[in-house]
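Please look over the sequence and the model before reading on.

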Amino acid sequence: MIIDVHGHLGYDVVFDLDQDEQTLVDSYRKWNVDGAIVQPFIPRPYVEDYMAIHDRIYQLTKRTDRKFWGMASMNPHFRPEEYAKETERCIKQLGFVAAKLTPIGHAVNPASRDGMACCDVVRQLGVPMMIHTGNGGSFADPIQVAKCAEAFPDLVIVMAHAGSGGGSIPTATYIAKTHDNVFLEPSWVDIASIGAMISEVGCSKLMFSSDVVENIPVELAKYKEAISNPANLERVLSGTAMEVFHLN
């Protein structure tokens, strides 16, 4: 089984990216990916725009040709009550399995007052928080995630990209090694660093993702090259995700 833990839907106003439902379905069918956790591309900073893309993701989760789960994403600088209300709607009413914080797109330090408040909301809802790391300057430094992990030891945190693009892959790996509640989503990480991660933290801390569907064959190839043991490969391609996000 293959599960992509980092898919996107919608139009991203920060990076001018656009991805629709049919592109996701067609790409996952082409590469034999069984399912995906889908989050919004970053919309305009209005609560209504976030609600609209969350509703689109919810409709995607109702499809029967592939298995989809939702991941909420809200601007952390919305009024606290707005952030909490929409995130709770996504988790409790729409059945989403996690939430996302994107320092480079949301202009937030995860360890700031707003970032920590978001982590606390997600912690209370009992689902993991995915946090972008790597590209994005000091806000996306994995060390900020360490502060969140230590402040909320009962919050599961998944480091998206595992520090890739920011020169901080070793830092991300070390944080995952030293914090039981931190896991790695190493999209865009080079194959040599994947091997080092496996040696340091093991396959139970890693999970497959594409970030963008064009990246699917590359990500699949690097894991199949780096991992020779079938059970370990299965763990990275789906097993870790199933356990971390409580998928069914």
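How many disulfides does the count come to? With a disulfide taken as a pair of cysteine sulfur atoms within 2.5 Å, the count comes to zero. The model is a predicted one, in which local features need pLDDT of at least 70 and side-chain atom pairs count only at pLDDT 80 or more, while totals for chains, interfaces and linings use all residues. Residues are numbered from 1 along each chain as its sequence is written, and side-chain values use heavy atoms, with hydrogens and water left out.

For Cys 118, the closest cysteine sulfur belongs to Cys 119, and at 7.0 Å it is too far away for a bond.

| Residue | Relative accessibility | Class |
|---|---|---|
| Cys 118 | 2% | buried |
| Cys 203 | 8% | buried |
| His 161 | 6% | buried |

Helices (H or I, at least four residues) and strands (E, at least two) are DSSP runs numbered from the N terminus. Helix H3 (residues 80-93) packs against helix H5 (residues 113-125) at an angle of about 30°, and their axes are 10 Å apart. Axes are lines fitted to C-alpha atoms, for helices over the stretch in contact, and angles run from 0 to 180 degrees between N-to-C directions. H3 is therefore roughly parallel to H5, a term for angles under 35 degrees. In this pair, Tyr 83, Ala 84, Thr 87, Glu 88, Ile 91 and Lys 92 of H3 meet Cys 118, Val 121, Val 122 and Leu 125 of H5, where contact means heavy atoms within 4.5 Å.

A second pair is formed by helix H6 (residues 142-151) and helix H7 (residues 169-178), whose axes come within 9 Å and cross at roughly 15°. H6 is thus roughly parallel to H7. Pro 142, Ile 143 and Ala 146 from H6 meet Thr 171, Ala 172 and Ile 175 from H7.

His 161 lies in the loop between strand E7 (157-160) and H7. Beyond its neighbours within four places in sequence, His 161 has contacts that include His 6, His 132, Glu 185, Trp 188 and Asp 211. His 54 is 107 residues from His 161 in sequence, and the two are 22 Å apart in space, C-alpha to C-alpha.

How values were computed
Angles under 35 degrees count as roughly parallel, over 145 as roughly antiparallel, 65 to 115 as roughly perpendicular and the rest as oblique. Buried means under 20% relative accessible area, exposed over 50%, partly exposed in between (1.4 Å probe, protein chains only).
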